[in-house]
Amino acid sequence: MAEALVEQRSIDVVPDEERHGTAFSQFTLWLGANLQITAVVTGALAVVFGGDVVWSLVGLVVGNLLGGAVMALHSAQGPKLGLPQMIQSRAQFGVRGAVVPLLLVILMYVGFFASGTVLAGQAVGELTHTSHTSGIVIFAVVTAVTAAVGYRVIHALGRFASVVCALAFIYLAIRLLDHVDLSTLLHNAHFSLPMFLLAMSLSASWQLAFGPYVADYSRYLPRATSGRATFWWTLSGSALGSQWSMTFGVLVAATAGDKFLANQVGYVVGLGGAGLIASFLYFVIALGKLTVNVLNTYGGFMSMVTSVSGFRGQRVLSQRGRAAYIALIMIAGTAVALLGKDSFLASFKDFLLFLLTFFTPWSAINLVDYYLISKERYDIPALFDPAGRYGAWRWDALGVYAVGLLAQLPLLSTAFYTGPLVAPLGGADISWIVGLVAPALLYWLLARRNPPLPTGNQPNTMTGASPKAEAEAV
């Protein structure tokens, strides 16, 4: 039973006999991962930085749908290939060249682990009647242990969290509506393009940040699972969960102001009540953050293994090695959380938007290559061979990635850097749109001029079988 529960695989292909589940599992996982306090804070930022309720909500919806669609397209790759998300980057960047976006992905996981642990640590500290620092450490250890068990427990946690957190958010919404004049908030609408684009960028960046690991959680689905079903269940779960949380955040920020800013966790719990209800809400906050922080820890572990294996040729990882990688993510994330716990809200917006700069070009290149160039077919053995068809370094793709990064700089707006074109746009940040469109077009043009070699009789795409056997399997 323990062997069935503890995951044995890491970056290797999941064989057909180990595939299980349905596409609906993606809905519950991503709903549970998004019904949580950090998504509430993300929605609140749209108002904190100057937006009104109506247009902040519209901008958040648009961003969640656009970013969520990109993220869900990555999810649909999982059942087809049976591989973790970032291994696929080797087909575009080379077996070793993929380490370039991977290093940035690992930094993202550590950052999200830290930011989530700050808020969850407050809840755990209150729940256990200890300090917030102790709560951070306790939460980090529980996250690491859960991530070490792996795929089955992660999905079970998502199913449980989706129900519990949904019930809690319904209750909190009822309580909130008792305290606010919703009609007044909705009538006080004043459109501002910069604030609208900020709201859209906040939610789009939230969704796009899931892209580098979303297929990790769909790769065990049976190969016959519909890509369309995987796409829609992933998009609906992630967009619904995040918009639900962010809408709550917008309304809280618009009505509570400094009370919410001073103590996000304390205000939300206080809104719900005291005594047992407060304890339950602290548990819900910790549960929601546990669900998504386990994803960040697991994704960070996968990305670290992918990075190292590109140079060592490693495909299989021991349980001891798995624990060591996860411990590194936990230690790094906990250290950042402890250092930044007193300045969380001030830095979180810039962290989200800065991340977006690095992952939109990666998403564009990966999706164009998978859907338009390779037609959903990869030579899987070559993904592990630096001397194979994809090579060690794909300098053309790396060049396109660099162009995608540079193209965003004139339009980027953060606390530590603001591009020259931001002011003429009234302070609006549309860098992520350029970061998607420019590298997608450039990579498509280059890849069409240099199409991938035919696979011939080599082991091919997702099965590792001959082309004929694969055609029969598909």
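# Close-up views of a predicted model

**Figure 1. Tyr 298 and Phe 301 in helix α15.** Helix α15 holds both Tyr 298 and Phe 301, which are 3 residues apart, or about one turn of the helix. The model shown here and in the other views is a predicted one. Tyr 298 and Phe 301 are both buried. The ring centres of Tyr 298 and Phe 301 are 5.9 Å apart and the ring planes stand at 70°, so the pair is edge-to-face. Tyr 298 and Phe 301 also belong to a cluster linked by ring pairs, together with Trp 30, Tyr 109, Phe 112, Trp 206, Phe 210, Tyr 213 and Tyr 217.

**Figure 2. The largest nonpolar core and Trp 30.** The largest nonpolar core contains 132 residues, and Trp 30 and Phe 248 have the most contacts inside it. Helix α15 (residues 276-312) supplies the largest share of this core, 16 residues. Neighbours within four places in sequence are left aside in the contacts described for Trp 30. With these set aside, the aromatic residues Phe 210, Tyr 213 and Tyr 217 are among the contacts of Trp 30. Other contacts of Trp 30 include Met 71, Val 214, Thr 234, Gly 237, Ser 238 and Leu 295. Phe 210, Tyr 213 and Tyr 217 are, with Trp 30, also members of the cluster linked by ring pairs.

**Figure 3. The edge-to-face pair of Trp 55 and Phe 191.** The structure holds 27 aromatic pairs. In one of them, the rings of Trp 55 and Phe 191 have centres 4.8 Å apart and planes at 75°, so the pair is edge-to-face. Trp 55 is in helix α4 (residues 53-75) and Phe 191 is in the loop between α10 (182-187) and α11, so the pair ties together parts of the chain that are 136 residues apart in sequence. Trp 55 is partly exposed, at 31% relative accessibility. Phe 191 is partly exposed as well, with a relative accessible area of 48%.

**Figure 4. Glu 7 and its two arginine partners.** The structure holds 5 salt bridges. One of them joins Arg 219 to Glu 7, with 2.9 Å between the closest N and O atoms. This pair links distant parts of the chain, 212 residues apart: Arg 219 is in the loop between α11 (193-208) and α12 (227-256), and Glu 7 is in the loop between α1 (2-5) and α2 (24-34). Glu 7 also forms a salt bridge with Arg 322, where the closest N and O atoms are 2.8 Å apart. Here the partners are 315 residues apart, with Arg 322 in helix α16 (residues 319-340) and Glu 7 in the loop between α1 and α2. Arg 219 counts as buried because its relative accessibility is 0%, and buried means under 20%. Glu 7 is buried, with a relative accessible area of 5%, and Arg 322 is buried, with a relative accessible area of 3%.

**Figure 5. The salt bridge between Asp 16 and Arg 223.** Asp 16 and Arg 223 meet through their side chains in a salt bridge of 2.4 Å, N to O. Asp 16 is in the loop between α1 and α2 and Arg 223 is in the loop between α11 and α12, so the pair ties together parts that are 207 residues apart in sequence. Asp 16 is partly exposed, with a relative accessible area of 42%, whereas Arg 223 is buried, at 15%. Salt bridges that share partners join Glu 7, Arg 219 and Arg 322 into one network.

Figure 6. Phe 354, Leu 406, Leu 409, Phe 416 and Tyr 417 make a nonpolar surface patch of about 470 Å². Leu 406 is part of helix α18 (residues 395-408). Leu 406 counts as exposed because its relative accessibility is 57% and the exposed class lies over 50%.

**Figure 7. Leu 167 and Val 284.** Leu 167 is located in helix α9 (residues 151-177). At 56% relative accessibility, Leu 167 counts as exposed. Leu 167 and Val 284 are 117 residues apart along the chain, and their C-alpha atoms are separated by 9.7 Å.

Key
Residues are numbered from 1 along each chain as its sequence is written. This is a predicted model: local features need pLDDT of at least 70, side-chain atom pairs count only at pLDDT 80 or more; totals for chains, interfaces and linings use all residues. Side-chain values use heavy atoms; hydrogens and water are left out. A nonpolar core is a set of buried Ala, Val, Leu, Ile, Met, Phe, Trp, Tyr and Cys residues joined through side-chain atoms within 4.5 Å. Buried means under 20% relative accessible area, exposed over 50%, partly exposed in between (1.4 Å probe, protein chains only). Helices (H or I, at least four residues) and strands (E, at least two) are DSSP runs, numbered from the N terminus. Contact means heavy atoms within 4.5 Å. Patches are made of residues with over 30% relative accessible area and no salt bridge: like charges are joined within 9 Å, nonpolar side chains (Val, Leu, Ile, Met, Phe, Trp, Tyr) within 5 Å. Accessible areas come from the Shrake-Rupley method with a 1.4 Å probe; for residues, only the protein chains shown count as cover. A salt bridge is a side-chain nitrogen of Lys or Arg within 4 Å of a carboxyl oxygen of Asp or Glu. Rings of Phe, Tyr and Trp (its six-membered ring) pair if their centres lie within 6.5 Å; planes under 30 degrees apart count as stacked, over 60 as edge-to-face and the rest as tilted.
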